[in-house]
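Me: I have just opened this entry and would like a short walk through it. Could we begin with the ligand?

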Amino acid sequence: MSRDSGRLLAPSILSADFAALAASVRAVAPYSGLLHVDVMDGHFVPNITLGPPVVACLKRATDLPLDCHLMIESPDRYLGDFARAGAACLSVHQEACPHLHRTLQRIREEGMRPGVALNPATPVASLDEVLGELDFVLVMSVNPGFGGQRFIPAALEKVRRLRAAREARGLSFAIEVDGGVSAETLPSLLEAGADWLVAGSALFGAADPAAEAARLSGMLHG
Ligand code: DX5
Ligand code: ZN
């Protein structure tokens with residue numbers, strides 16, 4: 001199986017109409033491999049979004065695996081809640097987890113796929129000791145908290161480093177990129193080695209989200 005076959009488009013509902021989530025998800029689902037769900041607590045990041053009850057509703061509304069990105073302090077307190085709500089993939093922030101190894105083990109014990117998100121200022125090397133515990137690494141290519149921000153090009157080098165580390169150590173974690181992903185930034189991300197591409201405003205801010213999802217998906221698999 002080629003590495004390309006692991007590429008997935010992951011629409012981020014952050015930029016969707018929260019009063020019409022099911023319809024928004026249905027429009028882009030045929031072109032997507034994951035649904036990215038941003039959880040913000042107003043402490044780790046300035047914004048507040050949603051929690052496990054909304055995740056449970058999304059689980060009933062779509063067959064897409066739910067990729068929950070926790071931008072919250074003390075995520076350990078909520079791991080069971082997200083598992084019961086139906087999260088398939090769960091990422092915590094490196095910067096929010098003093099006992100990251102234990103947190104990752106608990107995510108797996110709860111039956112979810114563990115991932116770690118890195119803020120733009122956090123180096124890839126900070127994951128050296130836990131890379132073997134991970135199903136995916138989420139490289140933030142904006143500062144977390146809001147959709148529609150400008151892509152930070154330094155993320156490309158982090159993707160390359162992760163790809164090199166994965167190869168050197170014979171690991172198989174996926175490399176996810178989140179923030180400012182669009183038809184413009186996608187080619188350089190794919191060349192650097194990104195596998196899972198999160199897109200919020202590029203999809204849900206488009207006049208025709210389904211058509212834009214089809215276009216981005218075509219670039220991923222073309
Ligand atoms: C930002 C979130 C992203 C956000 C990306 O903190 O983690 O998932 O939805 O939005 P865009 O694609 O608009 O940069
Ligand atoms: Zn996100």
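Me: Where does ligand 1 sit?
Reply: In this predicted model, ligand 1 sits in the largest pocket. On a 1 Å grid over the protein atoms alone, a pocket is an open set of points where a 1.4 Å probe fits, with protein on both sides within 12 Å along at least five of seven lines; a molecule sits in it if more than half of its atoms lie within 2 Å of its grid points.

Me: Which residues come nearest to ligand 1?
Reply: Of the 20 residues around the ligand (a heavy atom within 4 Å), the nearest are Ser-12, Asp-38, Gly-145, Asp-178 and Ser-201.

Me: What does Ser-201 do with its side chain there?
Reply: A polar side-chain atom of Ser-201 is 2.5 Å from an oxygen atom of ligand 1, a polar contact (a pair of N or O atoms within 3.5 Å). The protein covers 100% of the 380 Å² of accessible area that ligand 1 has on its own, by the Shrake-Rupley method with a 1.4 Å probe.

Me: And what of Gly-180?
Reply: A backbone N or O atom of Gly-180 lies 2.7 Å from an oxygen atom of ligand 1.

Me: Which strand gives the largest share of the shell?
Reply: That is β2, with 3 residues; strands are DSSP runs of E, at least two residues long, and helices are runs of H or I, at least four.

Me: Changing topic, how many helices and strands are there?
Reply: The protein has 8 helices and 8 strands.

How values were computed:
Residues numbered from 1 in each chain as written. Chains lettered and ligands numbered in written order. Predicted model: local features only at pLDDT ≥ 70, side-chain atom pairs only at ≥ 80, totals over all residues. Heavy atoms only, no water. Polar contact = N/O pair within 3.5 Å; in protein donor to acceptor, adjacent residues only side chain to side chain. 1 Å grid on protein atoms, 1.4 Å probe; cavity = no way out; pocket = protein on both sides within 12 Å on 5 of 7 lines; lining within 4 Å.
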